Amino acid sequence: WEIMDGEIPTRLDFKGKVVGPAFTVDTQSLDFGVVGYGFRYTKDFTVHNGCEIPMRFSLRVPGDDKGEFTCVPSAGTILPFGKQNIELELVSETETRYTTTL
């Protein structure tokens, strides 16, 4: 670090701490049970940000090609040590058994 045309060397120390996301979810599973074809069912869960930095998230259900599952909100930012309630909606258009993860 130097100042142009300066005669006295200047020292500037840099410090920082890199942290990764630390989050928890308040449930381990969501069981919709037996649902009716074409009807809307919802389950809620909460994501807690356990870190001192904001945490961006994006949720989707892998393999849901027909769009039967919807997360509301599906993306966003959780403030440091904050939480976000998520609603998972199921409107089944097929007769099937679901076992999957977010």
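**Aromatics, core and cysteines**

Modeller: Phe-32, Phe-69 and Tyr-98 form one aromatic cluster. Keep in mind that this is a predicted model.

Colleague: How many aromatic pairs does a search of the whole structure find?
Modeller: The search turns up two aromatic pairs. In one, Phe-69 and Tyr-98 have ring centres 5.0 Å apart and planes at 85°, so that pair is edge-to-face.

Colleague: Which parts does that pair tie together?
Modeller: Phe-69 sits in strand β4, residues 69-72, and Tyr-98 in the segment after β6 (83-91). The pair therefore links parts that are 29 residues apart in sequence.

Colleague: Is Phe-69 buried or exposed?
Modeller: Buried, because its relative accessible area is 13% and the cut-off is under 20%. Tyr-98 is partly exposed, at 31% relative accessibility.

Colleague: New topic. What makes up the largest nonpolar core?
Modeller: Twelve residues, including Phe-32, Phe-45, Phe-69, Cys-71 and Leu-88. At least two residues each come from β2 (40-49), β3 (55-58), β4 and β6. The largest share, three residues, is from β6.

Colleague: What is Leu-88 in contact with, leaving aside its neighbours within four places in sequence?
Modeller: Its contacts include Phe-32, Phe-45, Val-61, Phe-69 and Cys-71. Tyr-41, Thr-42 and Lys-43 are also among them.

Colleague: And the cysteines: how many disulfides does the count come to?
Modeller: Zero disulfides. A pair would need its cysteine sulfur atoms within 2.5 Å.

Colleague: Are Cys-51 and Cys-71 buried or exposed?
Modeller: Cys-51 is buried at 4% relative accessibility. Cys-71 is buried too, with a relative accessible area of 10%.

Conventions:
Residues numbered from 1 in each chain as written. Predicted model: local features only at pLDDT ≥ 70, side-chain atom pairs only at ≥ 80, totals over all residues. Heavy atoms only, no water. Buried < 20%, exposed > 50% of the residue type's maximum accessible area, 1.4 Å probe, protein only. Phe/Tyr/Trp six-rings, centres within 6.5 Å; stacked < 30°, edge-to-face > 60°. Helix = DSSP H or I, 4+ residues; strand = E, 2+ residues; numbered from the N terminus. Core = buried A, V, L, I, M, F, W, Y, C linked by side-chain atoms within 4.5 Å. Contact = heavy atoms within 4.5 Å.
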